[in-house]
Amino acid sequence: MSNAYYAPGDQRAAKVSDLFARIARRYDFLNDLQSFGLHRLWKRRVVKLAQIKNGDRALDLCCGTGDISFALARGGAATTGLDFSAQMLEVAAQRQSHLKSQISNLKFLQGDAQQLPFPENSFDIVTVSYGLRNLTSWERGLDEMFRVAKPGARLIVLDFGKPANALWRKIYFTHLKMSVPLMGWLFCGDASAYAYILESLKHYPAQLAVAEKMRALKLENVRVINLLGGAMAINCGEKAK
Ligand SMILES: C[S@@+](CC[C@H](N)C(=O)[O-])C[C@H]1O[C@@H](n2cnc3c(N)ncnc32)[C@H](O)[C@@H]1O
């Protein structure tokens, strides 16, 4: 079944942008609701894998409302959160302005993850959380992550995954097909925006292909960390020194 927010090829980015413009205000609330708060743990894991060191520069792509960006900056990295959605970035900026103690080493920037406005070898850490799946070309996104990463940099991807176990995959996909859009409809007034998760996942080859691409880029220590039996996954690797 087609989805109002999914289109292949050139139309993809405009549709994705519409989607996040529509749900930006409710995004954080629905994330907590749909994952029972677990996305916070998974994101913490991403930040741990980033192994932040003194003086590190971090880039958080498709940063949305900024969860990972805030955590990287709090961990001590001079962080840039980049996203193409003005509405998602507006929420991130509001969150930043409401903080009791200001984070000075964090800035948000509007831009395209597939065409990054940075020279090569710029960052020690490059993360993307629930973003790669939304790009017109996830491979192009990884190529860009690789390009702007310094030798020795950590590249980390968190996203929905595809469980290897057929029964678990069926149960999980049924959840994405039925309950997730229902919650989207109840709390956001838009079932399609949340049915999009399954649609986009069907077109995304997920953790195994991301690992393969990381190896093709000659990243070192390439790893797949499956969460919830592969329903979520973290891919990580290091750019060779
Ligand atoms: C599901 S949200 C993830 C937000 C955040 N990283 C998180 O984990 O909660 C996906 C984000 O990717 C952004 N995005 C999608 N395509 C993009 C692109 N080509 N360039 C930059 N951002 C993009 C959307 O605007 C949206 O904010």
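**Helix packing, burial and cysteines in a predicted model**

The axes of helix 7 (residues 166-177) and helix 9 (residues 191-202) come within 7 Å of each other and cross at roughly 135°; axes are lines fitted to C-alpha atoms, for helices over the stretch in contact, with angles from 0 to 180 degrees between N-to-C directions. Helix 7 is therefore oblique to helix 9 (under 35 degrees is roughly parallel, over 145 roughly antiparallel, 65 to 115 roughly perpendicular, the rest oblique). Tyr172, Phe173, Leu176 and Lys177 of helix 7 are in contact with Ile197, Leu198 and Leu201 of helix 9 (heavy atoms within 4.5 Å). Six of the residues in this contact are nonpolar, none is polar and one is charged.

The model is predicted: local features need pLDDT of at least 70 and side-chain atom pairs pLDDT 80 or more, while totals for chains, interfaces and linings use all residues. Residues are numbered from 1 along each chain, and side-chain values use heavy atoms, without hydrogens or water.

In helix 10 (residues 206-216), the buried residues include Ala206, Val210 and Met214 (buried, under 20% relative accessible area; exposed, over 50%; partly exposed, in between; 1.4 Å probe, protein chains only). The cover over the buried residues of helix 10 includes helix 6 (138-148) and strand 5 (149-160), along with strand 6 (220-227) and strand 7 (232-238). Lys218, which follows helix 10, has a positive phi near 65°.

The structure contains zero disulfides (a pair of cysteine sulfur atoms within 2.5 Å). For Cys62, the nearest cysteine sulfur, in Cys63, is 8.1 Å away. Cys236 is buried, at 8% relative accessible area, and its sulfur lies 18 Å from the closest cysteine sulfur, in Cys62, too far for a bond.

Methods:
Helix = DSSP H or I, 4+ residues; strand = E, 2+ residues; numbered from the N terminus. Nonpolar A, V, L, I, M, F, W, Y, C, P; charged D, E, K, R; others polar.
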